Amino acid sequence: MARCAQFYRSTALILLNTLVLLILINLVLWGAHRIASALHGGGDQISPVLQGAYPQMSAAEIGRLLGETKALSYVYEPFTQFRETPCQGTYVNISSNGFRIVQGQGPWPPSLDNYNVFVFGGSTTLGCGVADGETVPSRLQEYLAGHFRKNVSVYNLGRVAYFSTQERVFLEQLLLAQHRPALAIFIDGLNDNIFRDGQPMYTDSMKEIFRRVRLDSGPTDSLAVHGWSLPMGRLVRRVLARSALSAAPPLFLVGDNPAPEVVDRYLTNKRLVEAICSQAGIQTAFVWQPIPVFKCEEKLRPFTSDVGWEPVKEVYQLLEARNQQGRLGTNFLWCADIQQGAQETLYVDRFHYSGVMSRRFAEAIGRLLLEHKLVSASDGAADVAKPGNGSAS
């Protein structure tokens, strides 16, 4: 009994000291973070390379923009798993209706007096790293407005980590809510490759939540979740985030599904969307987006090397071949090679477009919409005719 009592006292002392030490470390880190925030205006130091992606902005403005982007949070949404929480900032504004504000934003619900365009996609469409007016949908509205007699209202329905399956479900939910566009544009390529297993980003987390559900008291909390919210956890996440910005990215692909399987899933979602939109009288356009490692000079993508991208390149090469064979339909817009000939920095991090790239991409989409005759004079566009929806093979 004496030995047990001694063991208990020693163990209790060790645990108490450990707890006190953890509290002190977190307090010190919290204080250091507050001091650093006060000294640097709440933002990170802006490197010359990063400054090059924002030639028209000061370091303080860049810091504020990136801070608002990093502050984006998510809430649960049925069927699609999650969506961005509404927010208001200097550069980043997310409407409570589920879209990011574009320059000259149209009303919600969309007015039947306007030519309404819904643009679906992932974080590159949402515009992580650029201001509201510099996203691809915002620049697309600017371009289309110059080619339409009718008012154009583009809605930025891009969401972080969404890929073609979630976009299809998102469209279905909007139609069920009686929100019908004249044109639905789907910008894909990156996330269909990252989530190669076809599962949304938080699938594993939601599986864990359901595994922990207790019939008598509901879901249990995870200590890991609370741990990540402590200053120590935030420090670890910050270190990991900084390492993610290195020129040699870590493996980021989810699943090892082969290229033909990734392409087939995308094209199946394309056919399903076409069938839905055909019944609803909605024109469709499917845009295959540019990525930093496909037909883009290294100097234009300073945050990204070719390491780890080989499976993604294989998918791009496979779709490029099908497109050249004319097998993807007239409503498929190949934009993956628009970076050729560019001179300015096109990316602000491993994945996301700079303001220069957003404009370049949006104008390419606009030109192809007109060239492929996906909008008509009756829609308000000048001297073009509208064919039926194309289909993928």
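Trainee: How many cavities of 30 Å³ or more does a search of the whole structure find?

Mentor: The search finds three. A cavity is a set of points, on a 1 Å grid over the protein atoms alone, where a 1.4 Å probe fits but cannot get out; lining residues have an atom within 4 Å of a point. This is a predicted model, in which local features need pLDDT of at least 70 and side-chain atom pairs count only at pLDDT 80 or more, while totals for chains, interfaces and linings use all residues. Residues are numbered from 1 along each chain as its sequence is written, and side-chain values use heavy atoms, leaving out hydrogens and water.

Trainee: Which element supplies the largest share of the lining of the largest cavity?

Mentor: That share, four residues, comes from α11. The lining includes Tyr266, Asn269, Lys270 and Val273, and the cavity holds about 40 Å³ of space.

Trainee: Why is cysteine 277 called buried?

Mentor: Buried means under 20% relative accessible area and exposed over 50%, with partly exposed in between (1.4 Å probe, protein chains only). Cysteine 277 has 0%, so the residue is buried.

Trainee: How many disulfides does a search of the whole structure find?

Mentor: The search finds zero.

Trainee: Which residues touch the most other members of the largest nonpolar core?

Mentor: Tyr54, Phe120 and Trp288 do so, among 60 residues. α11 gives the most to this core, with seven residues. Such a core is a set of buried Ala, Val, Leu, Ile, Met, Phe, Trp, Tyr and Cys residues joined through side-chain atoms within 4.5 Å.

Technical notes
A disulfide is a pair of cysteine sulfur atoms within 2.5 Å. On a 1 Å grid over the protein atoms alone, a cavity is a set of points where a 1.4 Å probe fits but cannot get out, and a pocket is an open set with protein on both sides within 12 Å along at least five of seven lines; lining residues have an atom within 4 Å of a point. Grid points are joined across faces, edges and corners, and a volume is the space filled by probe spheres set on the points. Helices (H or I, at least four residues) and strands (E, at least two) are DSSP runs, numbered from the N terminus.
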